[in-house]
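Here is a protein model to explore by asking and answering. Have a look at the chain and its fold, then see how far you get with the questions that follow.

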Amino acid sequence: MSLRRILALLSREVVQGPKNFIFIFTIVVPLGLSLALGLIFGTFFSGKPRLGIVAADQSRLIQLAEAVPGLIVRHYSTEAELRDATARGAVDVGVVIPVGFDQQLAHNATSDLTVFVWGESLLRDRILIGTALADWLRILAGHEPPVTIKTTLLGANNTLTWQQRLLPLLVLMTVVFGSLMLPASSLVSEKQHRTLTALLVTPATRGEIYIAKGVFGVGLSVVMAVLVLALNGAWSDQIGLVLLVLFLGAVLSAEFGILIGALVRDINSLFATVKALGLVLYAPALIALFPELPQWIAQIFPTFYMVDPVIALVQRGATFPDIAGRLVVLVGMIVGVAVALRFVRERSA
């Protein structure tokens, strides 16, 4: 096996790749879906956090809230109106200020503050209003306030937004489709146009051709997956670990792609095979869309071990020990498919 020949074959893939519609699909679809989801679900041009207030008398807390330029403050007459508005999503957070609240703080008396939270509000909006509220109370009291905040969650309690739920599907589409379909379609195209036979007449081996096609698919899909994560605001301080998981997932997908490409005869058979495997490939992401389903079902499917570690790192703040078991399974699958691919390659020789 020659590194020089692999690099020459890889440069050929780079030149020929953009002519393949799968290449265009791999780039355009994930980026387009990411931008569309951002526009629909709020990461791009999202509205300002909305705070609803009911006050029995004039409070300085209202003045402090209205002075924040990035906050929409809405006033309600009664606690029942505020509760209803919060349940409907008219405001993200509602605060009921009791009578004489400022005076109680000034005299260091214990006071209760009732807070309603819309269950489907964005987590960042809750954090922003909660942090601001704590700062306002400190300003009013002049010290850590003796206030007990009673929080009531209203509406559906969706801790993940739909954009966050759809992220596993976007990652799988980017990594699996790109690194699987690019080498598979390229290999099938080579066979149909008989250029594979021409390549094998040269000193290049079948293994070197497979590696070059796999490297091209892995490289492109990892780059696109990083862009998808960035566009969806899903990032992690452990970028090296995220890249490692994306790389391993792309390698496994590329192996599957080369294996399928080596076994099928034409492009129609390739698409029929991938279509038949669609549920197996994307089942973990589809299950993640519905948290009420038993999530352990996703572990039956091999792609779970590609996408779950990435989501754990960027959404759940996981560390290496948390995902180590899944990575062991992923590496084991890579080795197993590599053995199967070697067997197929030797039979084709």
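**Working through the fold**

Q: Where is R194 found?
A: This is a predicted model, where local features need pLDDT of at least 70, side-chain atom pairs count only at pLDDT 80 or more, and totals for chains, interfaces and linings use all residues. Numbering starts from 1 along each chain as its sequence is written, and side-chain values use heavy atoms, leaving out hydrogens and water. Helices (H or I, at least four residues) and strands (E, at least two) are DSSP runs numbered from the N terminus. On that basis, R194 is found in the loop between α7 (162-192) and α8 (195-201).

Q: Is R194 buried or exposed?
A: The scale for relative accessible area is: buried under 20%, exposed over 50%, partly exposed in between, with a 1.4 Å probe and protein chains only. The backbone of R194 has a phi near 60°, a positive value in a residue other than glycine. The relative accessible area of R194 is 65%, so R194 is exposed.

Q: What share of the 349 residues counts as buried?
A: The secondary structure holds 14 helices and five strands. Residues 24 or more positions apart supply 73% of the contacts (heavy atoms within 4.5 Å) with a separation of 6 or more. Of the 349 residues, the share that counts as buried is 47%.

Q: Which residue in β4 stands opposite V96?
A: Strand β3 (residues 93-97) and β4 pair in the antiparallel sense over four bridges, where pairing takes at least two DSSP bridges between the strands. Strand β4 covers residues 111-118, and six of its eight residues are buried. Opposite V96 stands T114.

Q: How many residues apart along the chain are I27 and S221?
A: I27 belongs to helix α2 (residues 21-41) and, at a relative accessible area of 25%, is partly exposed. Leaving out residues up to four places away in sequence, I27 touches L220 and M224. The C-alpha atoms of I27 and S221 are 8.5 Å apart, yet the sequence separation is 194 residues.

Q: Is S185 buried or exposed?
A: S185 is part of helix α7. Beyond residues up to four places away in sequence, S185 touches N20, I22, I267 and L270. The relative accessibility of S185 is 3%, so this residue counts as buried.

Q: How far apart in space are V242 and P309, C-alpha to C-alpha?
A: V242 lies in helix α10 (residues 239-263), and its 2% relative accessibility makes it buried. In sequence, V242 and P309 are 67 residues apart; C-alpha to C-alpha, the distance is 8.1 Å.

Q: How far apart are the end C-alpha atoms of residues 270-290?
A: For comparison, residues 241-263 are 100% helix and 0% strand, with end C-alpha atoms 33 Å apart. Residues 270-290 are 86% helix and 0% strand, and their end C-alpha atoms are separated by 30 Å.

Q: How many residues apart in sequence are the parts tied together by E13 and K213?
A: A salt bridge is a side-chain nitrogen of Lys or Arg within 4 Å of a carboxyl oxygen of Asp or Glu, and the count comes to nine. E13 and K213 form one of them, with the closest N and O atoms 2.5 Å apart. Because E13 lies in helix α1 (residues 3-16) and K213 in helix α9, the pair ties together parts separated in sequence by 200 residues.

Q: Which residues are linked with E13 and K213 in a network of salt bridges?
A: E190 also forms a salt bridge with K213, their closest N and O atoms being 3.0 Å apart. This pair joins distant parts of the chain, with E190 in helix α7 and K213 in helix α9, 23 residues apart. Relative accessibility is 7% for E13 and 2% for K213, and E190 is buried too. The network that holds E13 and K213 also links R12 and E190.

Q: What is the N to O distance in the salt bridge of D92 and R50?
A: Both D92 and R50 are buried. Their side chains meet in a salt bridge with an N to O distance of 2.9 Å.
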